[in-house]
Amino acid sequence: MRVGVITFPGTLDDVDAARAVRYAGGEAVPLWHADRDLGGVDAVIVPGGFSYGDYLRCGAIARFAPVMQEVVDAANKGMPVLGICNGFQILCEAHLLPGALVRNAKLHFVCRDQWLRVENNRTAWSTRYEEGAEILVPLKSGEGGYQADQRTLDELEGEGRVVFRYVVDQHRPDAAGGDRNRYVGENPNGSRNDIAGITSANGRVVGLMPHPEHAIDALTGPTDDGLGMFLSLVDSVVTA
Amino acid sequence: MTVDTVANAENTPDQEQPYKELGLKDDEYARIKEILGRRPTDAELAVYSVMWSEHCSYKSSKVHLKYFSDTTTDEMRAKMLAGIGENAGVVDVGDGWAVTFKAESHNHPSYVEPYQGAATGVGGIVRDILAMGARPLAVMDPLRFGPADAPDTRRVLPGIVAGVGGYGNCLGLPNIGGEVVFDATYAGNPLVNALCVGAMRVEDLHLAHASGTGNKVVLFGARTGLDGIGGVSVLASETFDDTAGKRKKLPSVQVGDPFTEKVLIECCLELFAQRIVVGIQDLGGAGLACATSELASAGDGGMRVHLERVPLRATGMTPAEILSSESQERMCAVVRPEDMDAFMAVCAKWDVIATEIGEVTEGDRLVITWHDEVVLDVPPRTVAHEGPVYHRPIERPADQDALQADTPDRLARPARDELLELVKTMAASPNLASRRWVTQQYDRYVRGGTVLAQPSDAGMIRIDESTHRGVALATDCNGRYTRLDPYAGARLALAEAYRNVATSGATPVAVTNCLNFGSPEDPAVMWQFEQAVKGLADGCVELGIPVTGGNVSFYNQTGATAILPTPVVGVLGVIDDVRRRIPTGIGAEAGETLLLLGE
Amino acid sequence: MARVVVDVMPKPEILDPQGQAVANALPRLGFDGITSVRQGKHFELEVADDVDDATLAKIAETFLANPVIEDWVVRRVEA
Amino acid sequence: MARVVVDVMPKPEILDPQGQAVANALPRLGFDGITSVRQGKHFELEVADDVDDATLAKIAETFLANPVIEDWVVRRVEA
Ligand SMILES: Nc1ncnc2c1ncn2[C@@H]1O[C@H](COP(=O)(O)OP(=O)(O)O)[C@@H](O)[C@H]1O
């Protein structure tokens, strides 16, 4: 199980993505933005960071890197691809995923531990979770608000292609019927429909703003809830 | 453009020069003339004036800082690989690892342009750590602001926080702690101190020096522009040729480009790994003037620099401007000729502009030419290491006794039924309220090594994934205590940072500082400074850990009012297995026993 | 050499938090009568004379703007 | 109601990392002949008819632009 991890100039979370692959029992293969082939990997991760400084628009310049042409071709043939944060933005810019990510509604960069609900456990990257499960992983981004036109949103919702959703403030009864009044915060960035991550029509390409690769070990992350995504991948390629 | 050459300076000994506008005193200018045996050229004047500034020469603090070295015993020095005088202190933390850390201030630029000032403050300290040969691992940001409800704080605070975050987040350096303190004396003079910590294998330690005749001097990173040329613009007006266009050469604010710095970091680390760097220096405060003179001064030869080769961003820049430009994201390296191809290849891989601008020469002169004409010819030590030294007058402030006599005893004690209200008021006060508005703008997870960050007492970073060895860091300072008693205040800052590191489970091993004070020309401020240095140094002796470096920032005042004396102290600790960290907080399990240690 | 300006604006139906923040702040600063603010990007390019309008449109469409969320306008201006 | 445009640009002598990133990327994308790019902000305001030019200038100067590092231009446009 060889998983390519792309490094663009300005990529930051490539070491973390590679570590997560290793924790899940895979082999991480470094890929460079200027590479013109994927070295025979079974899957690709486009990690977080600030590729090319994100100066024009997040992901706008990275999308044109030579390696991305290969990723688009491979994805179109069914290779699992995961875009995290800046990687999600790049996949949207490259039209592998619909929609776009815009400046957080409150205009500030937000780094916080974020509860997500798993809405779809049938993608290449989410089979290890139960549907409806809630996981806690870091979110850290300044332009994480998912936006798409209504038709696209309806299509995503209709086809069950929202994979992760931010869990927002709610009151719910606890076991004794009381109000547990759990505080988990508001939508962190103004994303439409509280969307945190989506998938392609075939469920092979997934993009999300939060960082599962920072939640693989409770020593350095809030939980190890994120590891499930990488284990799912290893499962999916083994069974495929 | 006519350029003031050495030959020209010899022929026009009586030409008036704007040395006062450049901040030089009469006797300092006289001393430059004496060193050179003639009047300085424009370029020389620019270089001496920036390098002999308080910020670069430590002319008012030097005599006091010596107390740190004088009191450091061999035992305290045992683990220290580099100390005061180098770009940053370095300590051996075991298992073949060395850790380097340093704090620096960027106070005034952050007041003028909060976002960019704070951003470039982070950028500068990170390059200091990089120049030691280390991979930068984390940053911290002790901050001081005017009252939370003051109108200017609304301008300054959000910009500074966004700047610290914007730059650090983009570099991929987790922010593992800092401080946010409000006090009226910081209105009009906020403090932005930035600390960076990095790690390397002991054998990879790089010191800034230029040696080996024939070795090449390479400038790499961003292009040089008119950023922060400050007072040097007064030199431009006379020499600027009208026909080249009438651009007004205003000193401009430095704007950070964190992407360029991130790439520069990776490029440098690859160069270090290939062992093709003989000496390296970051370009900070005084730009090329500082980098070339410091490299040459610390080396065993001279240096020749061809200034017209420097890649520029602005047109019509004079040699003096190029030498004193504070453009960010640049480094200067000394490279053996046979390694030049490999060096350039690494830079090309990372798309980093690299230019051979000179070479190490025999002899002991720093010679800088502009299209083959000599515009600077100086003994580099006189620029970098033998600047003026002042014994400023010191006087205990007249109001100090009254201040100390005014104890809390005169305040009413709250009645029992007022306590709850009091606690609520305190919890909601700006100096005690949650810092989340600030800390959630900082990435604390990037690179997966952060073991402790906010809201912990100390930040902790894993430096070795296989052994779990790590370091912890805390910064502290209470300016109000220090104002009451600078000696005790500095000791208390040290003790607090030491405790914060110790309670995380790490063993404190070394100290850095960022000494923020008012004007050194005020004897009362100099007294505070002297007392604080003594207190900190004596405290270090008692605890048995050395001060490995630091930074002095004077002239922090609004009009005649100095800020509270603010000697920010940073303590570094070592932990051989970060899995044994002690998180902040109590009450993980029912039935825990609460113990109070100490008196 | 020609001078070209490209303005890129969030589409009307897309939330514009930056413009909104400006609009909300203005009355607080004592500026009344501003009923709406939208914030976008402004590019100034120096281009060789042989760069035609179709190329400029392509640069705007594929690169400077993201047509999913943004509209763009290209203008040649006097130097 | 009047339509007002404010363009805010980094001052010429100030580093413009954004414009530079765009300029560096263009040749890689196969677009040649663009010799310089500067990137700034573009604001579109709807303002009441009684808001005069002096007020608009003040809004641009004190709020939309940061005069330490940016220049600005205000234009009234046809609606
Ligand atoms: N400017 C800052 N940058 C990063 N972290 C900060 C900053 N200010 C405060 N923190 C962090 O927030 C937490 C709480 O800070 P503070 O209230 O000052 O703690 P304490 O009073 O215990 O020293 C600490 O972990 C501290 O490191």
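Trainee: Is C:Asp71 buried, partly exposed or exposed, and what is its relative accessible area?

Mentor: Please keep in mind that this is a predicted model, where local features need pLDDT of at least 70, side-chain atom pairs count only at pLDDT 80 or more, and totals for chains, interfaces and linings use all residues. Residues are numbered from 1 along each chain as its sequence is written, chains are lettered from A and ligands numbered from 1 in the order in which they are written, and side-chain values use heavy atoms, with hydrogens and water left out. Buried means under 20% relative accessible area, exposed over 50% and partly exposed in between (1.4 Å probe, protein chains only). C:Asp71, which is found in strand 3 (residues 70-77) of chain C, is therefore partly exposed, at 36%.

Trainee: How many disulfides does a search of the whole structure find?

Mentor: A disulfide is a pair of cysteine sulfur atoms within 2.5 Å. For B:Cys170, the closest cysteine sulfur is in A:Cys58, 9.8 Å away, which is too far for a bond. Over all chains, the number of disulfides found is 0.

Trainee: Which cysteine sulfur is nearest to that of B:Cys196?

Mentor: B:Cys196 counts as buried, with a relative accessibility of 0%. This cysteine is in no disulfide, and the nearest cysteine sulfur, 13 Å away, is that of B:Cys268.

Trainee: How many residues of helix 3 of chain B are buried?

Mentor: Helices are DSSP runs (H or I, at least four residues), numbered from the N terminus, while strands are runs of E with at least two. The buried residues of helix 3 of chain B include B:Asp42, B:Tyr48 and B:Met51. Helix 3 (residues 42-51) is largely enclosed by the rest of the structure, because the buried residues number 10 of the 10.
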